[in-house]
Each structure stands twice: as structure tokens, then as C-alpha cells.
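Open the model in your viewer and keep the sequence panel beside it. The tour below goes stop by stop, saying what to select and what is there.

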Amino acid sequence: MQLIPIGYSEVYYKGEKYGLTRTDFNKGKSMKLYAKALGGTDFISCNYYITKQSELLKPCEMPKEKVLDFINNFKLKR
């Protein structure tokens, strides 16, 4: 998550272009990630928390696997 640029970016995922927004809170200890397919209806949404004990990924109403697949496989538009 730390490698995702803060703010808005355009990325490619599974052959589609997505608008991706990363917003940081609490001095970077929590962040929100939201991506929407620019030519369709698919989206990715999650919150990420860094605590003293661990790091927590909390998907918003979708399987964790879908969020992890997006995070691990999207490519920044160049």
C-alpha cells in the first residue's frame, strides 16, 4: 500500500483502466483506497491500518482476495 501514490492516479488492471485514489489519515497510519473502472462498473474499496501490533487490511463490502489481487497486479499508467 505504501507504494501506491497519494492522491489520484490512473492504473491498468486486467486490461481495463481504473481511476485510483489513495487518501492518507492519522499521519499515514491509516489510508483509504478506492479504484473505479473508468469504462465499467467494477470498483475496489478498502481501508488499511498500521497499528503497533500489526497491519490490517479491511475491504469494504468485497472479498479480501479481490482487493489483494488488485493491489498486487495493477500497473501505473505511464
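Which side chain meets Arg22 in a salt bridge? Select Arg22 and Asp24: the side chains of these two residues form the bridge, with 2.8 Å from N to O. Keep in mind throughout that this is a predicted model.

**Stop 1**

The structure has 4 salt bridges by the rule used here. Next, select Lys14 and Asp69, another such pair, whose closest N and O atoms are 3.7 Å apart. Lys14 sits in the loop between strand 1 (7-13) and strand 2 (16-25), and Asp69 belongs to helix 1 (residues 64-73), so this bridge ties together parts that are 55 residues apart in sequence. Lys14 is exposed, with a relative accessible area of 66%, whereas Asp69 is partly exposed at 27%.

Then select Lys17 and Glu10. They also form a salt bridge, and here the closest N and O atoms are 3.9 Å apart. Lys17 is partly exposed, at 30% relative accessible area, and Glu10 is partly exposed as well, at 25%.

**Stop 2**

Switch to a cartoon view. What is the order of the 6 strands in the open sheet? Reading across, the order is 5-4-3-2-1-6, and the pairing is antiparallel. Strand 5 (55-59) and strand 6 (75-76) are the edge strands, and each pairs on one side only.

Start with strand 1 and strand 2, which pair in the antiparallel sense over 7 bridges. Select Tyr13 and look across to Glu16, its bridge partner in strand 2.

Move on to strand 3. Strand 2 and strand 3 are antiparallel and share 8 bridges. One place to look is Thr23, whose bridge partner in strand 3 is Lys32. These two strands make a hairpin with 4 residues between them, and in this hairpin Asn26 has a positive phi near 50°.

Continue to strand 4. Strand 3 and strand 4 run antiparallel, joined by 7 bridges. Select Ala35 and find Ile44 of strand 4 standing opposite. This pair of strands also forms a hairpin, with 5 residues between the strands.

**Stop 1: Ser45**

Stay on strand 4 (residues 43-50) and select Ser45, which is found there. Is Ser45 buried or exposed? Ser45 counts as buried, because its relative accessibility is 7% and the buried class lies under 20%. Now show what surrounds this residue. Leaving aside neighbours within four places in sequence, Ser45 is in contact with Lys32, Leu33, Tyr34, Pro59, Cys60, Met62 and Val67.

**Stop 4**

Centre the view on Val67. Apart from neighbours within four places in sequence, Val67 is in contact with Ile44, Ser45, Cys46, Leu57, Pro59 and Met62.

**Stop 5**

Select both cysteines and show their sulfur atoms. How many disulfides does the structure hold? There are 0. Cys46 is buried, with a relative accessible area of 0%. Cys60, by contrast, is partly exposed, at 23%.

Terms used. Residues are numbered from 1 along each chain as its sequence is written. This is a predicted model: local features need pLDDT of at least 70, side-chain atom pairs count only at pLDDT 80 or more; totals for chains, interfaces and linings use all residues. Side-chain values use heavy atoms; hydrogens and water are left out. Buried means under 20% relative accessible area, exposed over 50%, partly exposed in between (1.4 Å probe, protein chains only). Contact means heavy atoms within 4.5 Å. Two strands pair if DSSP finds at least two bridges between them. A disulfide is a pair of cysteine sulfur atoms within 2.5 Å.
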